[in-house]
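This report describes a structure chain by chain and then looks at the contacts between its parts. The sequence and structure come before the description.

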Amino acid sequence: MFDVIVTLINIVFTILILMVLAAVLVWAERRILGIWQDRLGPNRVGPGGILQAAADMIKIFFKEDWIPPFAEKFVFVFAPCVVVITMLGAFAIVPFSPGTGVVDLNVGVLFFLAMSALAGYSTILAGWSSNNKYALLGGMRSAAQMISYDVFMGLSLMGVVMLAGSFNLREIVESQSDMWNIFPQFIGFCIFMVAGVAESHRLPFDLPEAEHEIIAGFHTEYSGMKFGLFFVGEYLGVLLISALAVVLFLGGWMGPLLPPFIWFCLKTLVVVLFIILLRAAIPRPRFDQLMAFGWKICLPVALLNLVITGAVGLAIG
Amino acid sequence: MGPNTKMDQIVADQGIEAELLNRFGSSCLQSQRTADEITTFWIDRTRLLQVLRYLKLEIEGPFLCLYDLTAIDERVRAHREGQPNADYTVVYHLISYDRNDDLRLKVPLRKDDLDLSSITSLWPAANWYECEVWDMFGINFHGHPRLRRILTPPTWEGHPLCKDHPARATEMEPFTLPDEKQQKEQEALKFNPEYWGMKRHAEDSDFMFLNLGPNHPSVHGVFRIVLQLDGEEIIDAVPEIGYHHRAAEKMGERQSWHSYIPYTDRIDYLGGVMNNLPYVLAVEKLAGIRVPDRVKTIRVMMAEFFRIASHLVFYGTFAQDVGQLSPVFYMFIDREKLFGIIEAFTGARMHPSWFRIGGVAHDLPQGWDTMVRDFIDYLPARLDEYEKMVMENSLLKRRTVGVGDYTSAEAVEWGVTGPGLRATGLEWDWRKHRPYSGYENFDFEIPTGNRGDCYDRCRVRVEEMRQSLRIIRQCLDNMPEGDYKADHPLTTPPPKHRTMKDIETLIDHFLGVSWGPVIPPGEASIGVEATKGNNSYYLVSDGSTMSYRTRIRTPSFPHLQMIPLISRGLMVADLIAIIASIDFVMADVDR
């Protein structure tokens, strides 16, 4: 009984922290982008504008909960929930420090892959149920992008799994006590980051919502809290990918002097900043170019990486 | 291509006027003298196609570019000495780049028989122009593939540029919207693919029709493109314009010559005083005003400033439309600095309306040279930075190289001017080949591309900014002393220093500021190398305080007409890159 209560508290606490973090991340991104782009960004609400996130939340809660009459109602409402649920679910397996984390699954990596694949349904369903041509185009792009980039995201992680000999994220972190995985698995890291950015629809892989081409893509018809969920989902995605990159490649919580949890947060922050910087710097490829890049470059490289890792592993061990 | 010596010889030998008279005889062609000295012939509508075919296909040094096609309602015009009887006149303006020469053909029409043959079989680019003439004057072009309202809504009644059409709301009944009218208007908005010349199904697929615009983040204003899509591939694209139409040409017939200047600013609203330039040049040509060198140089400097301002906006939005979010902010900061200078000189930022008939509004302020020097020393380093950020970015290159390309021949055929023409490798710049306002005294180069694709169109504009800086530096170093206004009775507002001393100039001054100047009767058309291509004003004066007809030929109008040709078979994302690379504003298209 006591275990259950502790776990529940743990879950609720994690979710709360994550939601707040996602909201703060929205503000942080706007502010940092602003500074990089020679402008101010939101700086009016609260010290340095940090309460902008709270103000936006309040606004979005009070907006009319609008469902277009031509939309497929149930799916339309359900779609934004999917992304948030799956993203939060995926966080369950993230080991923040030796002692914290919701659950310690033996198939952690697989669970993460499953959840991120499920999240893809959110955009597809939203695009389909909106009954809007721009949304449909966004949904189509999203479907194609998800399917292809899921494939080599999985493949890019297998090298890490081979090195650690486990799917368990804690064991993967511990296996990096001598050397971070980013060194032997640098190619795997690169492909994981590419696929991860693609999974969270961030520039340069934001084709499902490319505003210059298809207005807002799959969420064209969304407003109010339902739009808010997509938004939070995207930022949870950024956090998740960053956290996973830290766990799998950057030695997780490990580091000298500072407490493990702080190390974990610092490393995650660096990866998050990198993803934001990508958005400030790079233009968007065309749809077919994105596909070609995935299947013709990422996939062969990921496979090659796998073969070499396996061969080296066999030779040594 | 480009003007060659052989052609120069032919032109020197004969000239187009003699050639045409030799070929068709003076019974067919009646010549007219105009203030701009462009060869002008009146021709009967039955012979029109024959003569045009000769000019385009048979003559040596052909007139390949249909530069403009418009009409004049002549019914209340008083001064038509030596011109054939006509209620309406249709005007064809052709350009030969080989000869570096212009030709104007005029066709007289009677009001009970407003019909002539379409020239779309000769020039596909005539399509939109003929639609516009039909829309504005009610002149029918038989043989036109789809003659329709192009600037006004499909339910519009009357033809706005006719002299009997009201020019203001106060001349009409108060507006009402009864149910049946609303019904009719809404009915007219319904989308019907067949109307746009599109099929709904292919053998094995149904097409999707996507209504891109008039409100869309990347169409740069209110521009609509109806897309026929197979997946994301564009089968056909039909551009639809007119959402930004505000009858700028009709306003020209209501405003005094002087008070129309601010309206010109708003034609290409990124071009500022660049728009004033062709207008005041045309008026000065009609009035016979010669402006002092200082005025010319100030005008050149300001025009080049606005070329840079406009190109900076283009550069940033171009990068943004292919998904690069940051450059536009940096470029707007540069533009802001530039506007600081413009504001110090003129008192306004985007729309200074600062050129005047016979001069400019004020002299340059004290310390202007320091401001200009600071800016032209500052910008090159920024341009170098953008070069690395945008032009050398491999993703941007992948998105734009080879996308939306056309050849020089196609560009000339479709009336493309400006950077879009030079991107194909044709080295043609009005500032060099038809120097106006003293451009012949400046040392600069004409940047060209060679592929004519989106990337080259951007490349050319980037280089043009550097050339503009060069021109501005020369203005700075060689600014002539003298007046900022011509000493001429029609200069508006007139020079004042003698006004209080003698009655003649006092009267000029009084008339100039109360009625506005009375410009002598005549016709003149002057084109300049504006920010987006060739912008010209074709003015007809009937000896009054207002223009009788103001025709504004804008570069963006033909550029947009070309979109279907270069976007078929590409993806939606490519279309966005093409739109961005054309660099248009809808105010410039719809007027």
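This is a predicted model: local features need pLDDT of at least 70, side-chain atom pairs count only at pLDDT 80 or more; totals for chains, interfaces and linings use all residues.

Residues are numbered from 1 along each chain as its sequence is written, and chains are lettered from A and ligands numbered from 1 in the order in which they are written.

**The chains**

Helices (H or I, at least four residues) and strands (E, at least two) are DSSP runs, numbered from the N terminus. Chain A has 11 helices and 0 strands, whereas chain B has 21 helices and 15 strands. The radius of gyration is taken over C-alpha atoms, and the globule rule is 2.2 Å times the number of residues to the power 0.38. For the 317 residues of chain A a compact globule would have a radius near 20 Å, and the chain agrees because its own value is 20 Å. For the 591 residues of chain B the rule gives a radius near 25 Å, and the 24 Å of this chain agrees with that.

| Chain | Span of the C-alpha trace |
|---|---|
| Chain A | about 60 × 50 × 45 Å |
| Chain B | about 85 × 60 × 60 Å |

A residue is buried if 20 or more other C-beta atoms lie within 10 Å of its own, exposed if 12 or fewer, and partly exposed in between, with C-beta atoms placed from the backbone. Buried residues make up 48% of chain A and 48% of chain B. Two residues are in contact if their C-beta atoms, placed from the backbone, lie within 7 Å. Of the contacts in chain A with a separation of 6 or more, 76% join residues 24 or more positions apart; in chain B, 69% of contacts between residues at least 6 apart join residues at least 24 apart.

**Around strand β5 of chain B**

Strand β5(B), residues 101-109, has 8 of its 9 residues buried. Two strands pair if DSSP finds at least two bridges between them. Strand β2(B), residues 39-43, pairs with β5(B) in the parallel sense over 4 bridges, and Thr40(B) stands opposite Arg104(B). Strand β4(B), residues 88-96, runs antiparallel to β5(B) and is joined to it by 9 bridges; here Thr89(B) stands opposite Pro108(B). These two strands, β4(B) and β5(B), form a hairpin with 4 residues between them, and Asn100(B) in the turn has a positive phi of about 55°.

**Contacts between parts**

The domain assignment, automatic or from a database, gives chain B domain 1 (5-142) and domain 2 (249-557). In chain B, 18 residues of domain 1 are in contact with 23 residues of domain 2. Strand β3(B), residues 65-73, gives the most to the domain 1 side, with 6 residues.

Between the chains, 27 residues of chain B are in contact with 24 residues of chain A. Elements of chain B that give two or more residues to this side include β8 (208-212) and α20 (572-582).

**The nonpolar core**

A nonpolar core is a set of buried Ala, Val, Leu, Ile, Met, Phe, Trp, Tyr and Cys residues joined through C-beta atoms within 7 Å. The largest one has 243 residues, of which Leu236(A), Leu239(A), Ala245(A) and Val283(B) touch the most other members. Helix α9 of chain A (residues 224-249) gives the most to this core, with 17 residues. Leaving aside residues up to four places away in sequence, Leu239(A) touches Leu18(A), Leu21(A), Ala22(A), Leu25(A) and Val272(A).
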